[in-house]
Amino acid sequence: MNKIQELSRALIKYNYGDPQRIQHTTKVHAYASMIGLEEGLDEETQFILESAALVHDVGIRASEKKYGHQNGKMQEQEGPAVATELLTQLGGYTDKQIERICWLVAHHHTYHVCEDLDYQILIEADFLVNLYEDNESENAIRAVRKNIFRTKSGLKMFDDMFGINE
């Protein structure tokens, strides 16, 4: 079993009894993986991206426990500590990898034009899933396409998924 498979299983266990969160995580991972591969990320960046996609929402449970609710900013605030613990317990991650993964977790709800391709892809993958799961309006979907998506692969996936011919 490779590290991504091990982390996937750890996240399923972490979200025990919560199929909605488990499925959200696995979908974001799948789309991030696909976009990263299509965009030609190097092996190390692809590994970091896929790991970050798997742990991107680990701050939800900690936020709910600490505050009684959660939102994107709370996820960003609480997620890195939980991600660090999970990745360290799992083993096989360098300090530099954990640092980058946690940075991505701490910013995945901060939407601005980003230079880093792994960051952009994580945001795009999360939006592909959230727009569907949240049953967003066509206007919201079009606004996200215009304002958030930048990668060629992400845009193509977005258009095919939501039936948009721009």
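Me: How do the residues lining the largest cavity divide into nonpolar, polar and charged?
Reply: The lining of the largest cavity in this predicted model has four nonpolar residues, three polar and no charged.

Me: Which residues are they?
Reply: The largest cavity is lined by S8, L11, I12, I22, T25, T26 and L54.

Me: And which elements give two or more residues to that lining?
Reply: Those elements are α1 (3-14) and α2.

Me: What volume does the largest cavity have?
Reply: Its volume is about 30 Å³. Searching the whole structure gives one cavity of 30 Å³ or more.

Me: Why roll a probe over the atoms at all?
Reply: Because a probe the size of a water molecule, rolled over the atoms, shows where empty space is left.

Me: OK, pockets now. What's the volume of the largest pocket?
Reply: About 300 Å³.

Me: How many residues line the largest pocket, and which lie nearest its centre?
Reply: There are 18 lining residues, and R21, H24, D57, I60 and E133 are the ones nearest the centre of the pocket.

Me: Which elements give two or more residues to the pocket lining?
Reply: α2, α4 (59-67) and α7 do. The largest share comes from α2, with four residues.

Me: What about the classes in the lining of the largest pocket?
Reply: Eight of the lining residues are polar, six are charged and four are nonpolar.

Me: What is the relative accessible area of E133?
Reply: For E133 the value is 30%, so E133 is partly exposed. K27 also has a value, 27% relative accessibility, and counts as partly exposed.

Me: How many salt bridges does the count come to?
Reply: The count is eight salt bridges. One of the others joins D159 and R145, with the closest N and O atoms 2.6 Å apart.

Me: D159: buried or exposed?
Reply: D159 counts as buried, at 12% relative accessibility. R145, at 17%, counts as buried too.

Me: Which residues are linked in a network of salt bridges?
Reply: R100, D116 and D118 are linked in such a network.

Me: How far apart are the closest N and O atoms of D116 and R100?
Reply: They are 3.2 Å apart, and the two residues form a salt bridge. D116 lies in the loop between α6 (95-105) and α7, while R100 lies in helix α6, so the pair ties together parts that are 16 residues apart in sequence. D116 has a relative accessible area of 35% and is partly exposed.

Me: Switching to rings. How many aromatic pairs does a search of the whole structure find?
Reply: The search finds five aromatic pairs. Y111 and F127 form a tilted pair, 4.9 Å centre to centre with 55° between the planes.

Me: Which parts of the chain does that pair link?
Reply: The pair links distant parts, with Y111 in the loop between α6 and α7 and F127 in helix α7, 16 residues apart. Y111 counts as partly exposed at 38% relative accessibility, whereas F127 is buried, with a relative accessible area of 14%.

Me: Which residues form an aromatic cluster?
Reply: F149, F158 and F162 form one aromatic cluster.

Me: What lies over the face of Y14?
Reply: R61 does, at 5.0 Å from the ring centre.

Me: Last topic, G79. Where is G79 placed?
Reply: G79 is in helix α5 (residues 72-90). G79 has a relative accessible area of 0% and is buried.

Me: What separates the C-alpha atoms of G79 and A125?
Reply: The separation is 18 Å, and the two residues are 46 residues apart along the chain.

Note on methods:
Residues are numbered from 1 along each chain as its sequence is written. This is a predicted model: local features need pLDDT of at least 70, side-chain atom pairs count only at pLDDT 80 or more; totals for chains, interfaces and linings use all residues. Side-chain values use heavy atoms; hydrogens and water are left out. A salt bridge is a side-chain nitrogen of Lys or Arg within 4 Å of a carboxyl oxygen of Asp or Glu. Buried means under 20% relative accessible area, exposed over 50%, partly exposed in between (1.4 Å probe, protein chains only). Rings of Phe, Tyr and Trp (its six-membered ring) pair if their centres lie within 6.5 Å; planes under 30 degrees apart count as stacked, over 60 as edge-to-face and the rest as tilted. A charge sits over a ring if NZ of Lys or CZ of Arg is within 6 Å of the ring centre and within 35 degrees of the ring normal. On a 1 Å grid over the protein atoms alone, a cavity is a set of points where a 1.4 Å probe fits but cannot get out, and a pocket is an open set with protein on both sides within 12 Å along at least five of seven lines; lining residues have an atom within 4 Å of a point. Grid points are joined across faces, edges and corners, and a volume is the space filled by probe spheres set on the points. Ala, Val, Leu, Ile, Met, Phe, Trp, Tyr, Cys and Pro count as nonpolar, Asp, Glu, Lys and Arg as charged, and the others, Gly among them, as polar.
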